Amino acid sequence: MAKYESTGNNSNETAKMPAKWLNSNQIDFRQEVIYFLIVDRFHDGSADEEERKGIWDRGKKTGLLDKTWMDWGKYWGGNIAGVIEKIDYLKSMGVSALWLSPLFEQVDDMQFDRAPMHGYWTKDFKRINPRFVDIEDSCSLDQCQTLKKLVEKLHEAGIKLVLDIVCNHSSPDINGSKGVVYSDGNLLADYNNDEQNFYHHYPEITDWEDEFQLIHHEMCGLATFNENNINYRNYIKNAVKHWLDIGVDALRVDTIKHMPLTFWQEFCSDICAHKPDLFIFGEYGFSKPWDQRAVNYANHSGMSILDFGLCDGIRFAFSGAEPGGFYQIKRVLSYDKEYKRASQLVTFIDNHDMPRFLSIVSNEEHLRLAISILMTLRGVPCLFYGTEQSLHCDINGGADPYNRPMMESWNSSHPNYMLIQVLANLRKVNPALSMGSFEERFITKDIYVYSRHYRNNHVLVCINKSKSTSIDVQNTGLPDGELKCSLSHKTISISNNGIQGLQLDENEAHIFSILGEPVSGKVVGVFELNGYETKPGETLFITGSAEELGNWDATKAFGMEYVNDNTWIAEVGFDVSAEQQIRYKFMVMMNGSVKTVENILPRVVQLPNSDRINIDTIWNQIS
Ligand code: NOJ
């Protein structure tokens, strides 16, 4: 029996984090817990009785809605009012960023018995799907009160809104009409009468290794935008900026592998100029860390990506694929240095395009172990709606559309819900989970023990997916002392860096957390350096013109934290240098001596007088 007693929010742990950085826009996106839901399949919050019964079909065309929830291809009636009604449920589970399936107005029709309840067949990027807003409300972005209310309520609850956007395509051929796109109600382009040259006109992709086909040809018959057309690019960028102005906080971007990297570089840089520090993550479908093209998109597009590689690793660890068990996860993590920012990858164990975890691993205790792993490894964890209630439907192996059932239960005492609650809180307060390094401490195909470290914060995770056993862990990397498990409240004792006789019951997870003191200072600068591949014995430092950085004296430079062989972080508290412009470089030390200093003009940053700032950089060297 696994033990997931709820500890609720551990007030001792929260206390160490300065309150102004919790629930603030300044917290690092890696501290977020994302929850992805399909609006149509979440909850119907209609105030109108007739609409709730399905008599009032909100779209112009009737027959696309099935309130009996039998016809998997139709709309089932979830809407934004329903999401708003469940904000407290999400907040109390620890969700801090909500990714909604696309909200744009869709073609109001069916193709092969499927209506676009998923939101990926857009008709107007400047309007909201009428089926999701309140009756009588306007669907124009500026006027839509339902959307405004959603943003307000989410922000009041400290939850960020993640908009799912699709730049690659509009809609497929339905009864002879294809890719008819509007700009807030004004006709802009029509695939079948494409005078504006808005679309590529190539057939379906047949060779998935062919770069030209990937970018220009169609996927599933979807009208593919011509990104070479500046009018198209301006349209999509302006539309997205408009949504950001309304209060969207982050973006999930569909189908990025079907558009050129150069398109994304321009797109992300323009969008981030409009909303600095925006977190963007893209779907590079079924990416693997050993696929160089996928890694290039993660490293050079200006956005992070969804981590399909780790998703497979976690699923395969429990579903029996070779090489057995937890070696599947180890294998994926061994590629982390390929990414410039592995700790910003968005991680998940299932989504709307694959069978749910429980449809492939029919063991709820294993699902909870997978959740524990997801919430304690590097990356930003993203939960698919219903996972917290063990929602799944196994018809046809749980494949699309059966992976998108209606959410029906809201039990805050469900063991999955309570587990997520504990771990979401831990992620928020212990930066070892959100920013820290990863060290494997013990592995067999059934047992995985690893630790995470960031400054003087530590977490030790022990997972057993098989029978009850006891192990010795020689080297935990944690200070000696007694520790209490955040899940079961069992205690262990660490002495001489090790644990003797660590008892792991069947399907049990232990998670031990140690919190250090947060960095103080008028300004706290978080400097992240990526792209320097570290060799054994090397450590990184920041040297620079500020007193806190040693005033260019290498012996007083500020030591950075190892995250992985490609990423180092330093969290520097500035007092005397607050409000000053400082200049700095990164520097490699080996055995106490300077090995390399960045061979560039110093980097420059203007410090504010108070605040927490994130500085995300890439190692720079004239070769
Ligand atoms: C990927 C999305 O996740 C999927 O659900 C959608 O159908 C395709 N892109 C096409 O937009």
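Where is the place of Tyr532, in terms of the strands β23 and β24? Tyr532 lies in the loop between β23 (523-530) and β24 (538-544). Helices (H or I, at least four residues) and strands (E, at least two) are DSSP runs, numbered from the N terminus. This is a predicted model, in which local features need pLDDT of at least 70 and side-chain atom pairs count only at pLDDT 80 or more, while totals for chains, interfaces and linings use all residues. Residues are numbered from 1 along each chain as its sequence is written, and side-chain values use heavy atoms, with hydrogens and water left out.

**Tyr532**

- Tyr532 counts as buried because its relative accessibility is 10%; buried means under 20% relative accessible area, exposed over 50%, and partly exposed in between (1.4 Å probe, protein chains only).
- Leaving aside residues up to four places away in sequence, Tyr532 touches Glu538, Leu540, Asp565, Asn566, Val588 and Trp619, where contact means heavy atoms within 4.5 Å.
- The side chains of Tyr532 and Glu538 are joined by a polar contact of 3.0 Å.
- A polar contact is a pair of N or O atoms within 3.5 Å; within protein, one must be able to donate a hydrogen and the other to accept it, and residues adjacent in sequence count only if both atoms are side-chain atoms.
- Tyr532 and Thr567 are 35 residues apart in sequence, and their C-alpha atoms are 7.1 Å apart in space.

**Strand β14**

- Five of the five residues of strand β14 (residues 380-384) are buried.
- Val380, Cys382 and Phe384 point one way from β14, whereas Pro381 and Leu383 point the other way.
- Strand β1 (residues 34-37) pairs with β14 in the parallel sense over three bridges, and Tyr35 stands opposite Leu383; two strands pair if DSSP finds at least two bridges between them.
- Strand β13 (residues 346-347) also pairs with β14 in the parallel sense, over two bridges, with Val346 opposite Val380.

**Helix α9**

- The buried residues of helix α9 (residues 292-300) are Arg293, Ala294, Val295, Tyr297, Ala298 and Asn299.
- The elements covering these buried residues include α6 (211-216), α8 and β12 (304-305).
- At the start of α9, a side-chain oxygen of Asp291 reaches to within 3.0 Å of the backbone nitrogen of Arg293.
- Gly302, which follows α9, has a positive phi, near 95°.
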